[in-house]
Amino acid sequence: MVRVRLLQVESNASESVESRIKRVLEQLPEHAAATDFLVLPELWHVGAFDLAGARDNAQPLSSSLITELAAVAANAKIWLHGGSVAIRNEDGTTTNTSLVFNPAGELVGQYQKQHLFGFADGERTVMTAGNDVVVIDTPLGRTGLATCYDLRFPELFRSLTDKSAQTFLICAGWPTPRISHWDILAQARAIENQAYVVACNGRGAHAGVVLGGHSIVVNPRGEIIAHASESDEYLDAEIDIDLVDQWRSAFPVLADRRNL
């Protein structure tokens with residue numbers, strides 16, 4: 001069994017970015033000591049809907065925030081999904097980039113969010129979309145990375161499954177008005193791909209939007225094995241990765257896919 005903890009970081013407009021980063025980094029060692037794999041939400045450092053904040057606080061991979069996240073993983077000897085961070089790339093673009101560190105503190109997974117939310121006036125005014133389908137090896141098996149709005153696009157998750165993903169690891173800043181969609185889509189992605197969904201959402205109010213919490217872990221049979229409320233600080237679950245192959249063998253629906 002692999003213990004996972006999903007930390008529903010609260011990002012409120014009343015707190016500065018600097019104060020939030022300091023607060024969360026100070027809390028992480030305690031959470032890291034209680035789990036094997038710690039997961040943070042999307043753009044927790046600025047708030048997922050604070051586009052101006054993302055633009056103004058974008059930083060390179062060499063920044064102190066990334067270095068300190070790596071140190072948390074190394075010091076606790078755990079796996080850490082640092083959520084996503086607004087990364088300023090060498091070519092001048094800014095991407096909503098998810099970061100995964102191994103127990104040595106090495107950055108072993110980067111995923112640039114492909115589906116940017118907010119239509120013409122949203123994320124794409126600040127961010128550049130990524131193009132890569134990212135699957136890495138972790139204690140959760142072959143682990144596919146996705147971010148928030150990606151959850152609405154099943155073709156991405158099929159592509160992750162085609163790359164042998166057994167677990168989908170998702171960070172998000174999903175708002176309260178559509179939180180029922182979040183719950184349903186997380187189950188759907190697990191059911192149709194016979195994979196675990198480990199999905200961490202944030203909390204708090206910023207840019208006129210309230211985030212909905214409801215972090216969720218769904219097993220390959222589509223059963224919810226852990227589900228947070230809007231107010232919970234964190235969610236714990238245990239993952240039995242062997243269940244993926246067992247269920248895919250017992251109910252081999254993926255073998256019946258057709259190229260239409």
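Aromatic rings in a predicted model

Q: Why is tyrosine 149 called buried?
A: Tyrosine 149 has a relative accessible area of 15%, and buried means under 20% (exposed is over 50%, partly exposed lies in between, with a 1.4 Å probe and protein chains only), so tyrosine 149 counts as buried. This is a predicted model, in which local features need pLDDT of at least 70 and side-chain atom pairs count only at pLDDT 80 or more, while totals for chains, interfaces and linings use all residues. Residues are numbered from 1 along each chain as its sequence is written, and side-chain values use heavy atoms, with hydrogens and water left out.

Q: What makes phenylalanine 153 partly exposed?
A: Its relative accessible area is 21%, which lies between the 20% and 50% limits, so phenylalanine 153 is partly exposed.

Q: How many aromatic pairs does the structure hold, and why is the pair of tyrosine 149 and phenylalanine 153 called edge-to-face?
A: There are eight aromatic pairs. The rings of tyrosine 149 and phenylalanine 153 have centres 5.1 Å apart and planes at 85°; rings of Phe, Tyr and Trp (its six-membered ring) pair if their centres lie within 6.5 Å, and planes under 30 degrees apart are stacked, over 60 edge-to-face and the rest tilted, so this pair is edge-to-face.

Q: Why do phenylalanine 157 and phenylalanine 168 count as buried?
A: Phenylalanine 157 has 0% relative accessibility, and phenylalanine 168 also has 0%, so each falls under the limit for buried.
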